[in-house]
Amino acid sequence: YDRDQMRAIETAIIGNIELSFKYRSQGKKKALQRRVRPIGVVYSRFAYLIASTDNKEAVSYRMDMLQNVKITDVTFTPKEGFNFKEWVKESFGVYHGDELLKIQIRFSPVVAERASKITFHPSQEQRPQRDGSLILRMECRGHSEICHELMHPDWIGNVKIESPDKLIDAYSNHLEHAKSAITQ
């Protein structure tokens, strides 16, 4: 990322100063002007600026899609009661647009040992089973990101989402979408 852009973001977060930038959402042709209250940065597959507007809910902005980042002359008071670390912990990745779910996934005996060495989410509980499989329980948001993780070649055919039905349906839809991409 651009060093000056990173410095501006860091200064704005530390000083509670609003940022302005142009942001081009994925799939959009034109960048739109944004003015936000920066909260923090999250590093996942990409880096994300987490910010709010007018003390509303936090929103993720992919940093590689930010253009012309500028510090404004407007300071703000952070939203009372908002805990960035707790907010980050709720998500499987960075996405927060869906509901918090209690999830149960079973890894087959073929991949259970490998899965047992991975921290998928801070809330996770792992329970080895007599048949050699591993049950993973966690409570988080980011259904799409969970589906992407479970579609990784290491897990395909060796993982089963046991609950909730919403995640089972989302995973099924992701698989159908991936299948349709190769049959077109």
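Lys70 is found in strand S5, which spans residues 66-75. Strands here are DSSP runs of E with at least two residues, helices are runs of H or I with at least four, and both are numbered from the N terminus. The model is predicted, so local features need pLDDT of at least 70 and side-chain atom pairs count only at pLDDT 80 or more, while totals for chains, interfaces and linings use all residues. Residues are numbered from 1 along each chain as its sequence is written, and side-chain values use heavy atoms, with hydrogens and water left out.

Lys70 is partly exposed, at 48% relative accessibility. Buried means under 20% relative accessible area, exposed means over 50%, and partly exposed lies in between (1.4 Å probe, protein chains only). Beyond its neighbours within four places in sequence, Lys70 is in contact with Glu18, Leu19 and Ser20. Contact means heavy atoms within 4.5 Å.

Ala47 lies in strand S3, residues 47-52. Ala47 is buried, with a relative accessible area of 2%. Its C-alpha atom is separated by 8.5 Å from that of Tyr61, 14 residues apart along the chain.

Four strands form an open sheet in the order S7-S8-S6-S9, with antiparallel pairing. Strands S7 (125-128) and S9 (159-163) stand at the edges, and each has a single partner strand, so one side of each lacks a neighbour in the sheet. The twist averages 25 degrees from one strand to the next. Two strands pair if DSSP finds at least two bridges between them. Seven bridges join S6 (residues 101-107) to S8 (residues 134-140). Arg106 stands opposite Ile135 in S8.

How values were computed
Axes fitted to C-alpha atoms, helices over the stretch in contact; angles between N-to-C directions.
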